[in-house]
Amino acid sequence: MSRRPCVAALVGNPNAGKSALFNALTGARQKIANYPGVTVERKAGRMLLPNGEPVELVDLPGSYGLHATTSPDEEVTRRVVMGEQEGQARPDVLVIVLDSSNLEQHLVFAQEVLELGRPTVVALNMVDLAERDGLVLDPAALSAALGVPVIPTVAVRRRGLDDLAAAVAAARDAVVEQPLARPHVTLPERRMLAHEMAQGAILSETRKHRIHARMDRVLLHPWAGPPILFALLFVVFQAVFSWATPFADAIDAGFSAIGDWVRAEIPPSLARDLLTDGVIAGVGAVIVFLPQILILFFFILTMEATGYMARAAFLMDRLMAGVGLSGRSFIPLLSSFACAVPGIMSTRSITDPKDRLTTILIAPLMTCSARLPVYAVIIAAFIPNRMVGPVGLQGLVLFTLYVAGIIGAMVVALVLRRSVTRGAASGFIMELPKYQLPTVKDLALGLFQRAWVFLRRAGTMIFTVTVALWVLLNFPRAEPGQDQVNASIAGHIANGLAVVVEPIGFNRDIALALIPAMAAREVAVSSLATTYAVGAADEDQQGRQLGDQLKARWSLATALAFLAWFVFAPQCMSTIAVTRRETNGWKWPGFMLAYLFGLAYLFAGATYWTAVALGLG
Amino acid sequence: MTLDQLPLGSSARIAAVDWTLLVPEEAQRLRALGLDEGAQVTLAYRGVFLGRDPLAIEIGRMTVALRRAHARAMTVETTHAPQAA
């Protein structure tokens, strides 16, 4: 009978440097998936033992204890260690990862793991940082105290990795001892023991001025800290907003060129149209997000790896606490002003599941860049370009739309926190990790993984919806002389939809434009242009001509209602796809669609009725 | 005196914790981080906006962020005046 491959698991407190050690041990050969039924990520990779035998290494979420778990992450760690996790074989060897400069704390959890009596190896990680702080440790003394091998490691410098692999091999082959007969150790007793063991392992300790304390004195300074944070966020925001644009435009142009080339090479047919307008456009709709995702995650991963992310959350916590969230929600929400897709993906750094869910649900209310083309066309057409006091009226309306989204998000967060995502929030209790220089390799690996997860999970759905929309717009085929869009399934849906949206001032043309705009909001513009037969060489001209058409056909009340609609309407399949991926099911994207369309209808309606009452109808 | 009233930069020992003021998850998280009776803590930093919340507490070689509401549950005895170290 062939033996199943050996499984080893990395366990330890948060900030013990587990992920860096995991990356160093497994290289780029990693598999990322979700554990069944939860949104906790399972990271596994292949590590080689000294004899060349492969071992499946699992990187477990950081945890503070096996018995009193306070988050889904900790619960998964407990279940895997206990061998109770569905879809995960019980690890043959446990590798406890300790932060050398924080032994007293990390040895508390280590004792809990050791009491299980399983084959265990301890990685005394980040010994270099401890030495930088003037702390020299004796691994042999710690090993004697714990009764298991202790290997000093520096994951980022690849020090101690071979020794660790050898220790894992030895632990697996060793005769398993019985669990220690000390089942009822209390937390204070463990803490006392941890203190004794930590003190016993110290060879020398000089109270050097610790670098991270000096950095915190600046970065958490009441006057200096927030301006530094805002300056940094400004750069991040600028980068996601504008640096990504040339790349996104190039990708757009590239896929249009491919489409044109196919159109030129292949004789006209329905299959050709499916290929160009469905498949190629669908792939393009996915790839176009990559520049923003990569740029945002470059900053986020760097901030996390250096330890600054926790400080940013610390500085912003008070502001977010006002609406029942924590400082950790700030950066995902800010990113969502550029695009909700990377914003929602970055909510992974929010540890509390309720906080995270609330943040995901309100992220689409931040006015993203895709709304701008819609706003621009309508505002230019309907809002007179004149000054109101010192400010321009058009700019004021645009600003109002941004503010409406922010206020909407705050109110929704408050309501959700008291209803759907109610629960004992873990508040805001977290360790501020030590400052560290990130390694290029870890950053690159993290970026690659984020991009890959997006392409594979969200991408497949975005692609499917694009093709489905193409089918809706192209079948059944129009009779000669008949307009294809009107004759299509979408055209028939628009007839029904027109009845529903009529009370909020929308005509059938708008109803028809809203259907393809499910792909992305800005599609509403091109789709209206098609409906009103606006054909123009360049975008500026198209915008102006479309504006003239709209002005002739819509009332001001309708136009304002249309703007209010897009403040709320979740018309972005990529956001929905990424929400499904991040919440691991259809429940929350379904909820998001329902509540946002509800709000959009309500507010577009309120805007329309108010405008009509004021005589603008 | 409770932990939230501790002057910035001063050290104290946690004398008692009123766990009933905290929801169970928060209590567990605080204990897991070592914020429990007998712990030696220093108030290192405070938030900037409205009410100077949250707080950053040094405990051992670790810095832990928590909110004033949590600190209010912890009674402390001052051991060092500010800047005494």
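In helix 3 of the predicted model, the residues A:L103, A:Q105, A:H106, A:L107, A:V108, A:F109, A:A110, A:Q111, A:E112, A:V113 and A:L114 of chain A are buried, that is, under 20% relative accessible area with a 1.4 Å probe and protein chains only. This helix, which spans residues 103-114, is thus mostly covered, with 11 of its 12 residues buried; helices are DSSP runs of H or I with at least four residues, strands are E runs of at least two, and both are numbered from the N terminus. The model is predicted, and local features need pLDDT of at least 70. Residues are numbered from 1 along each chain as its sequence is written.

Strand 2 of chain A (residues 30-34) presents a covered face formed by A:Q30, A:I32 and A:N34, and an uncovered one formed by A:K31 and A:A33. It runs antiparallel to strand 3 of chain A (residues 41-48), to which 5 bridges join it, pairing being assigned if DSSP finds at least two bridges between two strands. A:N34 has A:E41 as its bridge partner in strand 3, and the two strands form a hairpin with 6 residues between them, where A:G37 in the turn has a positive phi of about 80 degrees.

A search of the whole structure finds 3 cavities of 30 Å³ or more, a cavity being a set of points on a 1 Å grid where a 1.4 Å probe fits but cannot get out. Helix 12 of chain A gives the largest share of its lining, 4 residues.

Terms used
Chains are lettered from A and ligands numbered from 1 in the order in which they are written. This is a predicted model: local features need pLDDT of at least 70, side-chain atom pairs count only at pLDDT 80 or more; totals for chains, interfaces and linings use all residues. Side-chain values use heavy atoms; hydrogens and water are left out. On a 1 Å grid over the protein atoms alone, a cavity is a set of points where a 1.4 Å probe fits but cannot get out, and a pocket is an open set with protein on both sides within 12 Å along at least five of seven lines; lining residues have an atom within 4 Å of a point. Grid points are joined across faces, edges and corners, and a volume is the space filled by probe spheres set on the points. Buried means under 20% relative accessible area, exposed over 50%, partly exposed in between (1.4 Å probe, protein chains only).
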